[in-house]
Amino acid sequence: MAKRLTLRYTNTNPTEAILGFQRQIVYHVHFWTLVAVAPLVLVQWSEHHLLLSVLLAIFCLNLVAVILYLRLRGRYLFKGRFFALFAIACTVYSTVINGHNGLFWGYPAIAAMFFLLSLREALVLNAIFIAVLAGVSFHRFPTPEFWRITCSLSLTATFVAVFAWLVGRMQSELTDLATTDPLTGCLNRSQMAEVLNRQIQLRERYERVASVILVDLDHFKTINDRWGHAAGDEVLCEAATRLRRRLRDTDFLFRIGGEEFMVVLPETRQKAAEELARQLLDTISVAPFSKDIQITASAGVTEVVKGETWSTWLNRADQALYTAKDAGRNRVMIMRGSELEAGQGTPVPNP
Ligand SMILES: Nc1nc2c(ncn2[C@@H]2O[C@H](COP(=O)(O)OP(=O)(O)OP(=O)(O)O)[C@@H](O)[C@H]2O)c(=O)[nH]1
């Protein structure tokens with residue numbers, strides 16, 4: 001065990017970072033659309049297009065509402081659906097009464113929908129939008145122009161759709177890279193606070209229980225020293241696989257240090273967690289790893305207590321683990337509330 005857990009958490013959560021990035025996009029699209037559309041309310045009014053002017057004014061009110069809500073509450077009001085609705089209505093109606101001058105707004109509207117909506121919603125709405133604009137163009141413009149308009153609108157939608165799809169894929173790949181440990185595939189520390197806090201919220205609000213197990217491989221340094229770092233890496237991967245195999249899909253497995261793993265068990269009381277911890281240590285010690293390496297592990301177990309912070313909860317599990325190490329390793333120690341249960345550390349039979 002290299003050192004005690006660092007319980008200070010800096011805000012480096014990748015999920016939060018992506019949400020922040022999406023909020024920025026929503027903010028900018030709404031803000032710059034407002035800058036472009038607000039003067040058109042007066043222009044259309046002065047040209048006696050009263051209905052269009054009113055439509056544009058309501059569109060602007062929606063833009064202002066979304067911007068303010070985002071600024072004040074940090075939330076995305078209406079999820080871009082009113083934006084799409086008004087952009088489509090205004091562009092189509094403007095094309096009907098203004099011809100090309102209205103149609104030109106269709107191109108930025110197509111792109112904006114891909115920025116604001118989910119890919120599926122943007123594809124469906126843009127298909128409808130382009131079909132309606134094509135219908136209007138067919139009646140309003142000569143046939144060659146209708147084809148040019150329909151093809152250029154479709155090509156714009158295709159380009160932006162491909163771009164949005166690739167950005168979405170890259171985003172999820174980067175999130176995976178940022179949230180998992182590349183060696184073992186376990187979650188890394190960036191997700192720790194979020195997962196533990198979620199369990200604490202469930203405890204506070206719905207009286208749900210949850211437990212944490214810290215598992216630390218014993219004398220891991222000797223493996224590196226004797227068989228080399230690559231063999232040590234193999235043992236870590238295999239240990240993670242063995243732990244994962246014993247866990248449920250709803251449990252969370254983290255690698256939080258060199259040879260230290262954390263298991264978060266939702267809906268699990270301390271008693272059940274203690275039993276599971278013993279089984280986890282068994283899966284590590286029961287069979288040799290590659291190169292016939294034999295290894296054991298120690299574990300600290302504790303259940304979340306109402307009103308505590310995630311760091312207090314984890315600190316208690318950490319203390320239980322240290323006690324297990326001090327007591328001779330290859331055993332489980334549990335810690336309830338604020339007191340370590342004296343003598344409750346249960347040795348796991350040596351392999
Ligand atoms: N192969 C490999 N070794 C690692 C990795 N991360 C940390 N280590 C090694 O793990 C060892 C941990 O050593 P210690 O903290 O002394 O713990 P230990 O030897 O397991 O002793 P106890 O925990 O007290 O039983 C160090 O030698 C680290 O270099 C890794 O990713 N791969």
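**Close-up views of a predicted model**

**View 1. Helices α1 and α7 are roughly antiparallel to each other.** In this predicted model, the axes of α1, which covers residues 14-46, and α7, which covers residues 143-179, come within 9 Å and cross at roughly 150°; because angles over 145 degrees count as roughly antiparallel, the pair is described in that way. On the α1 side the residues that meet the partner helix are Pro 14, Thr 15 and Ile 18, and on the α7 side they are Gln 171, Thr 175, Ala 178 and Thr 179. Sorted by class, the residues of this contact comprise three nonpolar and four polar ones, with no charged residue among them.

**View 2. Helices α3 and α6 are roughly parallel to each other.** The axes of α3 and of α6, the helix of residues 119-140, lie 10 Å apart, and the two helices pack at an angle of about 10°, which is why they are called roughly parallel, the cut-off being an angle under 35 degrees. From α3 the contact draws on Ala 84, Ile 88, Val 92, Thr 95 and Val 96, while α6 contributes Leu 125, Phe 129, Val 132, Leu 133, Val 136 and Arg 140. Nine of the residues in this contact are nonpolar, one is polar and one is charged.

**View 3. Ala 89 is a residue of helix α3, which runs over residues 81-98.** With 16 other C-beta atoms within 10 Å, Ala 89 is partly exposed, since a residue would need 20 or more such atoms to be buried and 12 or fewer to be exposed. The C-alpha atom of Ala 89 is separated by 9.4 Å from that of Leu 56, a residue 33 positions away along the chain.

**View 4. The span of residues 208-337 carries a UniProt domain annotation.** In the model, the span is 45% helix and 26% strand, and its end C-alpha atoms lie 16 Å apart.

View 5. Along its principal axes the C-alpha trace spans about 85 × 45 × 25 Å. Of the 351 residues, 32% are buried, and among contacts with a separation of 6 or more, 64% involve residues 24 or more positions apart.

Key
Residues are numbered from 1 along each chain as its sequence is written. This is a predicted model: local features need pLDDT of at least 70, side-chain atom pairs count only at pLDDT 80 or more; totals for chains, interfaces and linings use all residues. Helices (H or I, at least four residues) and strands (E, at least two) are DSSP runs, numbered from the N terminus. Two residues are in contact if their C-beta atoms, placed from the backbone, lie within 7 Å. Axes are lines fitted to C-alpha atoms, for helices over the stretch in contact, and angles run from 0 to 180 degrees between N-to-C directions. Angles under 35 degrees count as roughly parallel, over 145 as roughly antiparallel, 65 to 115 as roughly perpendicular and the rest as oblique. Ala, Val, Leu, Ile, Met, Phe, Trp, Tyr, Cys and Pro count as nonpolar, Asp, Glu, Lys and Arg as charged, and the others, Gly among them, as polar. UniProt positions are given in the numbering used here, feature names are shortened, and annotations may be inferred rather than shown by experiment.
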